[in-house]
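Please walk me through this structure. I would like to know how its charged and aromatic side chains pair up.

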Amino acid sequence: MKTILDYYYRLLQILITLLMFVLIIPVSMQIFARYTGGLIPRYIWTEEIARFCFIWIVMIGAMIAVRDGTHFDVDVLPHGVSARLEGAFRLFVHFAMLLASVIFLIYGWSFAQFGALQYSEIAGLPMLTIYIAWPLAGATMALFLLEKFIEDVRILKGEIPPPRHEVPKAE
């Protein structure tokens with residue numbers, strides 16, 4: 001299972017890289033059209049495509065961040081206590097994140113069904129291509145969090161040490 005998740009994670013990294021390159025095209029076209037004084041026509045579709053790319057970049061970035069453990073979090077629970085307590089804290093945090101991912105999945109599915117009936121005004125793309133990002137992100141984050149739950153349980157059992165937390169040095 002870990003190998004499949006590793007391949008999926010790598011695919012997400014490739015997709016986000018490709019989307020960043022694709023995003024450069026419509027944004028560059030908008031900038032050049034704005035500053036060339038009519039030499040390059042102002043295309044309306046570039047704004048919509050840029051927005052679609054940006055949405056997917058954000059959602060895929062969130063999925064990757066959950067797997068990396070670099071997703072936004074706030075340290076309110078103490079570190080450096082016993083390994084078992086650290087595992088329990090991690091389990092609690094990952095459970096809270098799982099609840100958020102389930103919300104993305106459930107409500108995102110309704111959102112995607114709503115989007116399946118619509119098309120974008122300018123490019124004529126099905127809105128499902130954008131709205132499906134939410135349930136996909138929820139499902140992906142849940143998968144990655146289940147992987148983390150296994151690690152948390154191993155920490156609780158004392159089989160592996162908790163990951164070290166680097167404390168930023170004051171300058």
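A salt bridge is a side-chain nitrogen of Lys or Arg within 4 Å of a carboxyl oxygen of Asp or Glu. The structure holds 8 of these bridges. It is a predicted model: local features need pLDDT of at least 70, side-chain atom pairs count only at pLDDT 80 or more, and totals for chains, interfaces and linings use all residues. Residues are numbered from 1 along each chain as its sequence is written, and side-chain values use heavy atoms, with hydrogens and water left out.

Start with helix α1. Helices here are DSSP runs (H or I, at least four residues), numbered from the N terminus. In helix α1, Lys2 and Asp6 lie 4 residues apart, about one turn of the helix. Their side chains meet in a salt bridge (3.7 Å, N to O). Lys2 is exposed at 52% relative accessibility, and Asp6 is partly exposed at 34%. Here buried means under 20% relative accessible area, exposed over 50%, and partly exposed in between (1.4 Å probe, protein chains only).

Helix α2 covers residues 45–68, and Glu47 and Arg51 both lie in it, 4 residues apart. They form a salt bridge too, at 2.7 Å from N to O.

Another bridge joins two helices. Arg67 pairs with Glu147, and their closest N and O atoms are 2.6 Å apart. Arg67 lies in helix α2 and Glu147 in helix α5, so the pair ties together parts that are 80 residues apart in sequence. Arg67 is buried at 12%, and Glu147 is buried at 19%. Lys2, Asp6, Arg67 and Glu147 are linked in a network of salt bridges.

Now the rings. Those of Phe, Tyr and Trp (its six-membered ring) pair if their centres lie within 6.5 Å; planes under 30 degrees apart count as stacked, over 60 as edge-to-face and the rest as tilted. The structure holds 5 aromatic pairs. One of them is Tyr8 with Phe144, tilted, with 6.1 Å between centres and 45 degrees between planes. Tyr8 lies in helix α1 and Phe144 in helix α5, so this pair ties together parts 136 residues apart in sequence. Phe144 is buried, at 0% relative accessibility.

Phe111 and Tyr131 are stacked, 4.1 Å centre to centre and 10 degrees between the planes. Phe111 is in helix α3 and Tyr131 in helix α4.
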